[in-house]
Amino acid sequence: EHRDWCNLKLREQAGEITLLQRQVRFKLVHNGIHLTDYIADAVFFEGQKRVVFDSKGYETPEFKLKKKLMKALLNIDVVTG
């Protein structure tokens, strides 16, 4: 995760990405019921596209579920690296 963050900081300094944020929390709510939170390792923009990024060496079952919930509830694709 630290290596990915350092690489993202370098990309931001080079102007490849903008508005880099770390540990961004997304509330996953369905029908007014708070199911869980997902905390992205980083969020940034590549041009006009927002990228939600998670450093993963291995995708745990919990991560796989939260990734599906992000897509289903918020229409956000989580990119892993």
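**Charged pairs in this model**

Reader: What makes Asp77 and Lys71 a salt bridge?

Author: The closest N and O atoms of Asp77 and Lys71 are 3.4 Å apart. A salt bridge needs a side-chain nitrogen of Lys or Arg within 4 Å of a carboxyl oxygen of Asp or Glu, so the pair qualifies. The model is predicted: local features need pLDDT of at least 70, side-chain atom pairs count only at pLDDT 80 or more, and totals for chains, interfaces and linings use all residues. Residues are numbered from 1 along each chain as its sequence is written, and side-chain values use heavy atoms, leaving out hydrogens and water.

Reader: Why is Lys71 called partly exposed?

Author: Lys71 has 37% relative accessibility. Buried means under 20% relative accessible area and exposed over 50%, with partly exposed in between (1.4 Å probe, protein chains only), so Lys71 falls in the middle class.

Reader: How do you know that Lys27 and Asp37 tie together separate parts of the sequence?

Author: Lys27 and Asp37 form a salt bridge, their closest N and O atoms being 3.8 Å apart. Lys27 lies in strand E1 (residues 18-30) and Asp37 in strand E2, so the pair links parts that are 10 residues apart in sequence. A strand here is a DSSP run (E, at least two residues), numbered from the N terminus. Asp37, at 16% relative accessibility, counts as buried.

How values were computed. Helices (H or I, at least four residues) and strands (E, at least two) are DSSP runs, numbered from the N terminus.
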